[in-house]
Amino acid sequence: MSRTAGNSERAINGLLSVAQLLEEPRLARLYTFVLREGEVTIDDIGDALEIPRTTAYSDTGTLVELGVLTRDETQKTHRYSAVPISLTATLDGDEHTVTPTLIEAVGRAPQDQDLDLLLEKHGLGKLAAALTYAIPYADGAMSERVAARELDLQSAFATAVLQALREVVLDMQSVDPYFEAIPSAREQPTETDA
């Protein structure tokens with residue numbers, strides 16, 4: 001296989017892997033858990049995520065097939081580690097990057113009713129947009145009021161979403177190797193600035 005064909009295959013497979021993580025919160029949660037922890041066993045996964053051992057085996061197998069986890073089989077107890085991934089798309093000249101931080105937000109949604117409702121009612125795009133406001137909100141560069149207003153959601157709901165995403169940002173900024181590639185709303189003019 002030529003290098004070009006191999007690169008195209010790898011790129012499309014990577015795209016499909018990221019898409020599957022964004023569609024399946026359980027897989028997203030497992031992936032980012034392994035990324036944060038470094039190396040883990042099936043027992044570590046089952047205990048920390050409170051999932052049955054058979055589910056942990058099945059899901060890690062899926063993530064290994066997707067190429068986002070690696071399995072070290074040199075020891076009796078297999079150890080898993082995460083492959084840091086990112087996906088950058090260019091739309092109308094603007095780059096948009098999906099990193100493990102967005103994947104973590106998707107993985108948390110089933111355990112956080114505000115994130116879950118945001119995904120259900122407004123979709124993944126709105127979650128990604130909210131994340132761009134959560135970054136300056138988490139580091140104190142943007143007030144909660146301004147960030148909530150810019151999200152164009154009901155104020156109390158926007159605030160709850162920002163608070164949930166603040167925790168995601170704080171947990172992921174030190175482990176997401178692509179964190180700096182996430183667009184930040186502080187770098188873009190708000191509607192009132194324009």
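Helices α6 and α8 cross in the right-handed sense; a crossing counts as right-handed if the near helix is turned clockwise from the far one by less than a right angle, and left-handed if anticlockwise. Helix α6 covers residues 113-138, and its axis comes within 8 Å of that of α8, at a crossing angle of roughly 65°. Those axes are lines fitted to C-alpha atoms, for helices over the stretch in contact, with angles running from 0 to 180 degrees between N-to-C directions. Helices here are DSSP runs of H or I with at least four residues, strands are runs of E with at least two, and both are numbered from the N terminus. What sort of residues make the contact of α6 with α8? They divide into 19 nonpolar, 2 polar and 2 charged.

Before going on, a word about what you're looking at. This is a predicted model, where local features need pLDDT of at least 70 and side-chain atom pairs count only at pLDDT 80 or more, while totals for chains, interfaces and linings use all residues. Residues are numbered from 1 along each chain as its sequence is written, and side-chain values use heavy atoms, with hydrogens and water left out. The pLDDT score is the predictor's confidence in each residue, from 0 to 100. The protein chain has a mean pLDDT of 90, and 93% of its residues reach 70 or more. Residues 189-194 are another story: pLDDT stays under 50 there, and the model gives them 4 contacts beyond four places in sequence, a contact being heavy atoms within 4.5 Å. Where pLDDT is low, the predicted coordinates should not be read in detail.

Back in α6, have a look at Tyr133, which lies in that helix. Is Tyr133 buried or exposed? Its relative accessibility is 13%, so Tyr133 counts as buried; the cut-offs are under 20% relative accessible area for buried, over 50% for exposed and partly exposed in between, using a 1.4 Å probe and protein chains only. Leaving out residues up to four places away in sequence, Tyr133 touches Met142, Ala147, Glu150, Leu151, Leu162 and Ala185. Val161 sits 28 residues from Tyr133 along the chain, and their C-alpha atoms are separated by 10 Å.

Which residues does Glu104 contact, apart from neighbours within four places in sequence? They are Thr32, Arg36, Val168 and Met172.

Next comes another helix pair. Helix α2 (residues 25-37) and helix α3 (residues 42-49) have axes that come within 11 Å and cross at roughly 115°. On the α2 side the contact is made by Arg29, Leu30, Phe33 and Val34, and on the α3 side by Asp44, Ile45, Ala48 and Leu49. Sorted by type, the residues of this contact are 6 nonpolar, no polar and 2 charged. The crossing of α2 past α3 is right-handed.

Now for the strands. An open sheet of 3 strands runs in the order β1-β3-β2, with antiparallel pairing. Its edge strands are β1 and β2, each pairing on one side only. Helix α4 (residues 53-66) packs on this sheet, touching β2 and β3, and its direction makes about 110° with that of β2. Two strands pair if DSSP finds at least two bridges between them. Strand β1 (residues 39-40) is joined to β3 (residues 79-82) by 2 bridges: Glu39 stands opposite Ser81, and Val40 has Tyr80 as its bridge partner. Strand β2 (residues 69-72) pairs with β3 over 4 bridges, and Leu69 has Ala82 as its partner. There are 6 residues between β2 and β3 in the hairpin they form.

Asp92, in the loop between β4 (87-91) and β5 (94-98), has a positive phi of about 50° although it is not a glycine. Asp92 is exposed, at 83% relative accessibility. Asp152, in the loop between α7 (144-150) and α8 (155-172), is not a glycine either, and has a positive phi of about 60°. With a relative accessible area of 66%, Asp152 is exposed.

Definitions and conventions. Nonpolar A, V, L, I, M, F, W, Y, C, P; charged D, E, K, R; others polar.
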